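Please read them with the structure open beside you.

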Amino acid sequence: MAQIEIKNVAKRFGSYQALHDINLTIQDQEFMVLLGASGCGKTTLLRIIAGLETATVGEVSIGGRRVDHLAPKDRGIAMVFQNYAVFPHLTVFENIGFGLRMKKLPNDEVKGRVERTAELMHIEQLLKRYSGELSGGQRQRVAVARALAMEPDVILMDEPLSNLDALLRMEMRAELKGVLAESNTTAIYVTHDQVEAMSMADRISVMHQGEIVQAASPIEVYRNPAAEFVAGFIGNPPMNFLPAAPAGEGKWSVAGQVMDGPSSGKPLKFAIRPEDMRPADEGLTATAKVVEPLGAHLLITCEVQGSMFRAVLDSDMSVKPGDQLTLAPQPDRMRWFDPDTTLAVA
Amino acid sequence: MTAVTTDAVTTDTRRAGRWVYGSAVVLLCAWVIVPLYFLLINTLSAPETVNSFPKPFIPEFDLGSLTFFANFAGMLTALKNSILVAGLTMIMSIVIGAPAGYALSRFDFYGKELFRLLILLTRAFPLPLLALPLAVMFIQTGLDDTVFGLALVHTTLAIPFAVLITFALFSGIPLELEEAAWTLGCTRLTAFSKVVLPLILPGITASAIFAFVISWNEVFAAAVLTIENRTLTAFLLQNLDTSPLHLKFAGGFILVVPALIFIFAVRKYLFAMWGIANR
């Protein structure tokens, strides 16, 4: 049982504020992904949970127990590092069994657990090798096996797949998700790769400039971004934004079109995902600039009243650069943001 | 026709180039090996042969010179002193230098760059400049003419190298490895002993041996700061004008061989310190 509670955690490096007042609860056995661009503080937060970094202020509890003053070894965690950190002077067997040996478990128990986790990660034939004789993917498997063998309450992963090539990354992604789901541990996974985050997470915490902007399920983060940053960060291509001017109660004028929206006294920003645009008789007038056929879809970069705007259309459409398109947004997918607070307006 | 001539010319130039290259290699090797070879011949020859002329080009394998060396009054004590001083220097420079190297590579602290500079600066002052004040201070504290006192001075000479070599070694070990050990149940200390130490042990040995050689070869401080408890270098220097030729050869040989073997054994790490790729 390991629910993780982070209360008012902040971190300063000299005059640089890396984390601002973070509050986050991660449920037992939840797979939480910390997602953000580099420098957003996600790794710092993970290292604070691991005990490799101390928070300037705030509390961290794991399984109801305050851990902020405990050494990493006493927190019931295991960690997978970005560069694997497989000990080069030990065999794969001794690497996986390292933590168990530190716990002074009897030899046959170590052997049993190492063999079981090695089998789980499909590296049972590598047990006698040294790290120098392994490929990047194999080292990654050893690092994960070493963490799993500890049977920790919490497993922390710091961009574990970022050093693998694209194909291997996709393969490991699915495998890791399966293995972790079976292990019943709480997992915190740091990544800058939104596809990884979307495909693996139970919940995503999107981080920006040392703050958690939104913590929600992948679909919620995608469909209902809580702030403009999330809307522009998640999704490839990201959401489109257009200025909206008030046109009566609950009515908004966007690029000359009047649409239904929330009631608000001041100008808002209209946002829509590129795949939620449909060619129609009535809608936004767009001039196609670049047409990129992507197989299943056409990605069209166009201009709507001087603003850049992207639309993903069916590849049956024949569109050439310079064409005039009339595109209608799907009404239930339209989102609105307050330009001052950058937060979503319902 | 033209093609053939060009071909001939390039082959000629290439052959000449190879000749020059070969001669340079031979010359450089001879520069180092010939004196060592003469040293070897004369050490392994009977004292009469050493003092006669012309000298043989093959050693006689006569232990006369070495026996004479061993029986020369005070020589074995000097040899023992040399080993003691060098051993102490080796231990002290590692015990003091390795933690400094670790601190430099792992921690950020105020004045770190200055500290690194200061370490190097200790080698900027010529020893003769320091020798007189040191001698006075040693006499005042009673450290003069002791093995420990001399080892202290030699440690000062060896520490910059010990710090720089261990700094390079520790920096070559990613912090992630230590952090991984911490998360796997290690304290800072056990992580060091179980992960870092096994990885740098060969390098530490190398830097210890280097400290040993520095002390072993040092003559100036040894000659100034000791009278009764001379090291081998100081003892040989003291008897230079009075001792017979075969004693000098044997002494030189005994001095050169350990240094040579040790340096050869640790060359990889010395190259690493100077940023030259090994092999």
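The points below go through the model one part at a time.

1. Ground rules. This is a predicted model, in which local features need pLDDT of at least 70 and side-chain atom pairs count only at pLDDT 80 or more, while totals for chains, interfaces and linings use all residues. Residues are numbered from 1 along each chain as its sequence is written, and chains are lettered from A and ligands numbered from 1 in the order in which they are written.

2. The sheet with β1 in chain A. Helices (H or I, at least four residues) and strands (E, at least two) are DSSP runs, numbered from the N terminus. Strands pair if DSSP finds at least two bridges between them. In chain A, an open sheet of four strands runs in the order β2-β1-β4-β5, and its pairing is antiparallel. Its edge strands are β2 (16–26) and β5 (65–66) of chain A, each of which pairs on one side only. Strand β1 (residues 4–13) of chain A is joined to β2(A) by seven bridges. One pair to look up is A:E5, whose bridge partner in β2(A) is A:T25.

3. The sheet with β15 in chain A. Another open sheet of four strands has the order β17-β16-β15-β18 (chain A), with antiparallel pairing. Here the edge strands are β17 (307–314) and β18 (324–329) of chain A. From one strand to the next, the twist averages 55°; angles run from 0 to 180 degrees between N-to-C directions, and axes are lines fitted to C-alpha atoms, for helices over the stretch in contact. Six bridges join β15 (residues 277–293) of chain A to β16 (residues 297–304) of chain A. A:V291 has A:I300 as its bridge partner in β16(A).

4. Strand β7 of chain A. Why is strand β7 (residues 154–158) of chain A described as largely enclosed by the rest of the structure? Five of its five residues are buried, so the strand is largely enclosed (buried: 20 or more other C-beta atoms within 10 Å of the residue's own; exposed: 12 or fewer; partly exposed: in between; C-beta atoms are placed from the backbone). A:V154, A:L156 and A:D158 point one way from β7(A), and A:I155 and A:M157 point the other way. In a regular strand the side chains alternate between the two faces of the sheet.

5. Partners of β7(A). Four bridges join β6(A) to β7(A), and these two strands run parallel. In β7(A), A:M157 is the bridge partner of A:V80. Strand β8 (residues 186–191) of chain A also runs parallel to β7(A), joined to it by five bridges. The bridge partner of A:D158 in β8(A) is A:V190.

6. Backbone details in chain A. A cis peptide bond, with omega about -5°, joins A:N236 and A:P237. A:P237 sits in the loop between α9 (228–233) and β11 (240–246) of chain A. A:Y84 is not a glycine, yet its phi is positive, about 70°. Is A:Y84 buried or exposed? A:Y84 is buried, with 24 other C-beta atoms within 10 Å. A:A255 also has a positive phi, near 45°, and lies in the loop between β12 (251–254) and β13 (257–260) of chain A. A:A255 is partly exposed, with 18 other C-beta atoms within 10 Å.

7. Contact between the chains. Chain A gives 19 residues and chain B gives 14 residues to the contact (residues are in contact if their C-beta atoms, placed from the backbone, lie within 7 Å). On the side of chain A that touches chain B, the elements that give two or more residues are β6 and α3 (98–102) of chain A. The residues on that side of chain A divide into 14 nonpolar, three polar and two charged. Ala, Val, Leu, Ile, Met, Phe, Trp, Tyr, Cys and Pro count as nonpolar, Asp, Glu, Lys and Arg as charged, and the others, Gly among them, as polar.

8. Domains of chain B. Chain B is divided into domain 1 (2–43) and domain 2 (70–277), with bounds that come from an automatic or database domain assignment. Their contact takes four residues from domain 1 of chain B and six residues from domain 2 of chain B. The C-alpha centres of the two domains lie 37 Å apart.

Conventions: Two residues are in contact if their C-beta atoms, placed from the backbone, lie within 7 Å.
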